[in-house]
Amino acid sequence: LGLRHYDVQVLGAIIMHEGAIAEMKTGEGKTLAATMPLYLNALKEDGAHLVTVNDYLARRDTVWMGQIYDFLGLSVGVINQDGSYLYDEEYSQEKVDEKQAVDSEDELDEERDEEGYYKVSYEYLRPCDRPEAYAADITYGTNNQFGFDYLRDNLAYDPDEIRQSNLPFAIIDEIDFVLIDEARTPLIISAPAEEAEDLYKRFASIAKRLQAGTHFEVDKEKNAIMMTEEGIEKAEDDLGIDNIYTEKGVNHVHHLENAVRAKALYEKDQELHQAVEAKEGVELQQESRTYASVTFQNFFRMYDTLSGMTGTAMSSSEEFYKVYDIDTIAVPTNEPVRRDDHDDLIFQTEMGKFKAIARKVNELNEKGQPVLIGTVSIEKNELLSEFLQKKGIPHEVLNAKNHEREGEIIASAGAKGAVTLATNMAGRGVDIKLGGKDATRDEYTDVKELGGLFVLGTERHESRRIDNQLRGRAGRQGDPGESQFFVSLEDELMQVFASETVKNMMGRFGIPEDQPIENPMISRALENAQEKIEGKNFDARKHVLKFDEVLHTQRKELYARRREILTGDYDRLQELIEKVANGDEEYLEKIEKRKERVGEEPFYEAVRRGALQTIDMLWVEHIDSMDYLRSSVNLRAYGQKDPLVEYKKEGKRMFESMQVQVNEQIKELLPNIGEGAFERERRKLQEVHKEAESLSQSDEGDNAGRQGQAGQPNQDGTSTTSASTQSRGTSGPIGKKGPTTEDGTKIGRNDRVIITKGERKKEMKFKKAQPMLEQDGWEIKEVITN
């Protein structure tokens, strides 16, 4: 790179290595400073993550800084919504040979060094799969991608699909945006609930025809029901299937039990409300089920060591310390700041303010001083653009829609005569150099003599940090610069704060709408208002976090158990079986016989699948229950009860109940395990998980919600082959008279048979064996007579 770290960059690097936040002003070289703690922590071979706010910055920094890590012998990966890549010097040479884009690799390297701060050299990025990118010594990516991959890992059904082996060390760029502004933004993997109304109503109808004592047993003391074999067979007949366990999977078994529980116990329990509604004939709306979710606040607190860097952190240092236990330290600038921050100009109306802005920009443009105009929304951006067009002022409009293209444009915002209109997030992370991105020494000097970059804010934000970020775009590395905010009494913040007093004063003096007043007292009042709002928002986030922590604690415990089952060996699965058996020796003997019939490997893999499906299904229902509890618990304040205490108490009871239910469900499923058990359910869930891969491919609008829709799960994507019309091993056709043994004895639907395929052997009722006998290779070995 031909660069040397400034002393202040080394200081910032030490702060980050120690797990604190370094406040480094815009233009101080945070990207380069981060290479030192990343390298040092990557030497532990646990991995080190650099979190950015968009895919463009992740790619840019991987390529720009990748040559440093490569020289030091470390590998670098990057995860994006559209793919994953590894930094590869050799791959760049292949690209040079293919495209002949430049004369040599040296020229490509030189071009990268000059333009790397705004342009991505894709020749150095070799496509790879996700686990490879995470296996690199250092991994760059966005907060969205790291968070969604955590959720995807905890929906995986194959250990090879796991991406994040652990969460060791992370540096978050723009940490105030990620951990404060976006703190409670939920990352959600969800899908429309499958056939919600039909399933509930169908099983409610079936439950009506089941009789207590015959089809199910009721234990009112435990508030539970147990399906009998007759009850399961009756339900199978009503559904028109032979085996609810192997054909329909865990989900249908659970629906059946809920419907019977609603019939038998008449309890509108939290987990049964849909089934009870179906029983009562109430019209059901299609559900959207959350499969997994986490907030940035909770996700990033799981890292062993968390640090960060930003230009504006000190005003939020209290929140960083109290919520994340991270210290914030201000790093001095390499050169003294020479930016001139003017007092705010206050106008009566927004229209008058826009007229004045257009006039001011025209004035600056005529003398050649570059202007960066910051707005709070795309709508305001486009409205102001119309004013500038009417004035005939050429300008660029950036709306944070195409980060890569906008990165190149913002890099040129310091060119002589340039006018750039941008939202708060547009072009973030890219330095604005005086004279433009490829400026000569003379071009730089010309703009410097004109006063440098003029930053014009069109509205005060609720947070002082965001205003300071905008101001910080000017006056980098000791360059001159100016900043000023144009504020109207119709702005949201001014309407909240003392607008009538100021408006009456301006009215008395007869001040026109496009004429401002400039009063330091009003500017200070605005900053005081911002400080109060920040404090209020902090208290609200802190209060909500206490509620979030309840579900987060449960999530960590459940995901840890799920990971053990997913990655555990057969001994671990045997421990699970013994745990759910709870000392029932007769049950364990039954399971042992089942294992011998099915074979060890198919048996344990079916146990693994069944346990994972059960956990996933009941966790989805638990999330719904906790959401309902969360929305209703505040009403308990009227009864002089603390809603948080009630939420914790009820949440703990519901979680313990869910864990018991998981064990009971697994215990009930295990005796029904056969080779191929739960296949349909597994295929359906795999479809949901595949859809989850594309969840974060929505536009990375910085202030947009992060909820992803996984789409409707497929019913069954497999094709079927025509079945044989004759059961193998029987002498008679399967017609009206039914199948017979070799001696002519009729085989009844409920007769138990032993069927074989090669060395594999299974015992079951004939009606359940029929679909398998229609497949090639299976035949009846023996009919068991009583």
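At 30% relative accessibility, glutamate 549 counts as partly exposed, a label given to residues between the buried class (under 20% relative accessible area) and the exposed class (over 50%), judged with a 1.4 Å probe and protein chains only. The side chain of glutamate 549 meets that of arginine 301 in a salt bridge, with 3.1 Å from N to O; the term stands for a side-chain nitrogen of Lys or Arg within 4 Å of a carboxyl oxygen of Asp or Glu. Arginine 301 lies in the loop between α15 (296-300) and β12, whereas glutamate 549 belongs to helix α24 (residues 520-567), so the pair ties together parts that are 248 residues apart in sequence. Arginine 301 is likewise partly exposed, with a relative accessible area of 28%.

This is a predicted model, in which local features need pLDDT of at least 70 and side-chain atom pairs count only at pLDDT 80 or more, while totals for chains, interfaces and linings use all residues. Residues are numbered from 1 along each chain as its sequence is written, and side-chain values use heavy atoms, with hydrogens and water left out.

**The protein as a whole**

The protein holds 30 helices and 24 strands, which are DSSP runs numbered from the N terminus (H or I and at least four residues for helices, E and at least two for strands). Of its 786 residues, 55% count as buried. The accessible surface comes to about 35400 Å², and 45% of this belongs to carbon and sulfur atoms, the areas being computed by the Shrake-Rupley method with a 1.4 Å probe, where for residues only the protein chains shown count as cover. Among contacts (heavy atoms within 4.5 Å) between residues at least 6 apart in sequence, 76% join residues at least 24 apart.

**Salt bridges**

Side chains of opposite charge can pair when their charged atoms come close. A search of the whole structure finds 33 salt bridges, and three of them are set out here.

| Salt bridge | N to O distance |
|---|---|
| Aspartate 238 and arginine 209 | 3.4 Å |
| Arginine 301 and glutamate 549 | 3.1 Å |
| Lysine 652 and glutamate 656 | 2.7 Å |

Aspartate 238 and arginine 209 meet through their side chains. Aspartate 238 sits in helix α11 (residues 229-239) and arginine 209 in the loop between α10 (196-208) and β9 (216-219), so this pair ties together parts that are 29 residues apart in sequence. Both ends are partly exposed, aspartate 238 at 28% relative accessibility and arginine 209 at 39%.

Lysine 652 and glutamate 656 also form a salt bridge, and, being four residues apart in helix α28 (residues 643-669), they are separated by about one helical turn. Glutamate 656 counts as partly exposed, at 38% relative accessibility. Elsewhere, salt bridges that share partners join Arg130, Asp149, Arg152, Asp153 and Arg163 into one network.

**Nonpolar cores**

A nonpolar core is a set of buried Ala, Val, Leu, Ile, Met, Phe, Trp, Tyr and Cys residues joined through side-chain atoms within 4.5 Å. The largest one has 147 residues, of which Leu38, Tyr140, Leu151, Leu179, Phe299, Phe300 and Leu670 touch the most other members. Helix α27 (residues 600-632) supplies the largest share of this core, 14 residues. A second, separate core of 19 residues includes Phe347, Val371, Val419 and Leu456.

Leaving aside neighbours within four places in sequence, the contacts of tyrosine 140 include Leu38, Leu50, Met65, Tyr69, Ile79 and Phe146.

**Helix α1 and some buried residues**

In helix α1 (residues 7-17), the buried residues are Val8, Gln9, Gly12, Ala13, Ile15 and Met16. They cover an arc of only 160° around the axis, which puts them on the same side of α1; the arc is that of the directions from the helix axis to the C-beta atoms. Among the elements that cover these residues are β1 (21-23), α2 (30-33), α3 (35-42) and β7 (169-173). Just after α1, glycine 19 takes a positive phi of about 85°.

Glycine 472 is found in the loop between α21 (464-471) and β20 (480-488), and at 12% relative accessibility it counts as buried. Not counting residues up to four places away in sequence, glycine 472 touches Thr26 and Arg339. Histidine 252, in helix α13 (residues 250-265), is buried as well, with a relative accessible area of 5%. From C-alpha to C-alpha, histidine 252 and leucine 199 are 8.4 Å apart in space, although 53 residues apart in sequence.
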